[in-house]
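Please open the model in your viewer with the sequence alongside, and follow the selections below in order. Each stop names what to select and then says what is there.

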Amino acid sequence: MHAWHVDRPGPAETRKFELREEPAPRPGPGELLVRVRACGVCRTDLHVVEGDLPVHRPGVVPGHEVVGEVIELGAGVAGFAGGDRVGIAWLRSTCGVCRYCRRGAENLCPYSTYTGWDADGGYADFATVPAAYAHRLPEGYSDAELAPLLCAGIIGYRALQRSALPPGGRLGIYGFGASAHLAAQVALAQGAEVHVLTRDPRARRLALDLGAASAAGAADPPPEPLDAAILFAPVGDLVPPALAALDRGGTLAVAGIHLTDIPSLNYQEHLFQERQLRSVTANTRQDAHEFLTFAGEHRLQVVTTPYSLDRADAALADLANDRVHGAAVLITG
């Protein structure tokens, strides 16, 4: 098979990220072997390749928005068959016995592992996944449309829950890429009023096309105070204006795994009147199940920019330079 490996993470001019030909993996006990049909290109992949995240597996194959076909079952697997279409997402395993797992917060498990960081992911022709962490996928979507749902969609859904948006409330979305354009549609379907703040004119047009009430620049004030906000852009400088835009009792959820430094906050301006600042850490399988069920019941418009597998480096470069419209997706099938 062909697979991309991050042999030396770092900036574009120093890193070593290359496509190689190698034997396909075999499924271990409890695992599925999946022929990759499509794999989304997530900003977390960019953090892995550029070294913003510490190395967990030297030479890892990135990619954790994988849609593919089951072609082999490892020992002890039940409930799946060859030919099934499944999804592989970011969360790959948890211990199941720690206090976080026992209370239903497996996303906080200290022993959790992640696809494309701790184990090889979907920038390849084949990938493996523990069957207990493989996802059933909704009908009515192409492989390319499904891929972004497996991280951008799931994380956006969790971020929306973390933002504590009240029914019919006013939601601000900062940054409008793969995850944001899906979370916005969930919020709109639930009756929210959505205001988008982003520097990209194309993204502002997309937001309005999807039903946002307004779309303005990233640091601009929204037209009215917000009940909740989600920061998708990995830009710490946007935290103060997002907090200042909140109404009393509002919550800002920061959706990314990596964020540049946050400037000093003024207590009266940014936090008083019970405004809250919350982070979002990975997701649970229950989050994934709820979101994918929602996607099956509400047809989401998934905007994608396709790339062939051999152009994964170009896809990451475009993502880094804000040249991707919607979600970048590698097509391998």
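Begin by selecting strand β8, residues 126–130, which is mostly covered, since five of its five residues are buried; buried here means under 20% relative accessible area, exposed means over 50%, and partly exposed lies in between, with a 1.4 Å probe and protein chains only. Helices (H or I, at least four residues) and strands (E, at least two) are DSSP runs, numbered from the N terminus. This is a predicted model, in which local features need pLDDT of at least 70 and side-chain atom pairs count only at pLDDT 80 or more, while totals for chains, interfaces and linings use all residues. Residues are numbered from 1 along each chain as its sequence is written, and side-chain values use heavy atoms, with hydrogens and water left out.

With side chains shown on β8, Phe126, Thr128 and Pro130 point one way and Ala127 and Val129 the other, and all are buried. In a regular strand, the side chains alternate between the two faces of the sheet. To locate the pairing, select Val34, whose bridge partner in β8 is Ala127.

Six of its eight residues are buried, so α1 is largely enclosed by the rest of the structure; the buried ones are Thr44, Asp45, Leu46, His47, Val48 and Val49. Their cover includes β1 (2–8), β2 (16–21), β3 and α9, where contact means heavy atoms within 4.5 Å. Just after α1, select Gly51, which takes a positive phi of about 85°.

Which residues line the largest cavity? Select Val6, Pro9, Val48, Leu53, Pro54, Val55, His56, Arg57, Val60 and Trp117. On a 1 Å grid over the protein atoms alone, a cavity is a set of points where a 1.4 Å probe fits but cannot get out, whereas a pocket is an open set with protein on both sides within 12 Å along at least five of seven lines, and lining residues have an atom within 4 Å of a point. About 60 Å³ of space lies in the largest cavity, a volume being the space filled by probe spheres set on the points, which are joined across faces, edges and corners.

For the largest pocket, with a volume of about 1100 Å³, centre the view on Arg43, Gly177, Phe232, Ala233 and Pro234, the closest to its centre of the 50 residues that line it.

Finish with salt bridges, each a side-chain nitrogen of Lys or Arg within 4 Å of a carboxyl oxygen of Asp or Glu; the structure holds 17 of them. Select Asp7 and Arg20, whose side chains meet at 2.6 Å, N to O, and which link strand β1 to strand β2 across 13 residues. Asp7, Glu18 and Arg20 are linked in a network of salt bridges.

Then select Arg85 and Asp143, which meet in a salt bridge at 2.9 Å, N to O; Arg85 lies in strand β5 (residues 85–88) and Asp143 in helix α3, so the pair ties together parts 58 residues apart in sequence. Lastly, select Glu145 and Arg299, in a salt bridge at 3.1 Å, N to O. Glu145 is buried, with a relative accessible area of 19%.

Conventions:
Pairing = 2+ DSSP bridges.
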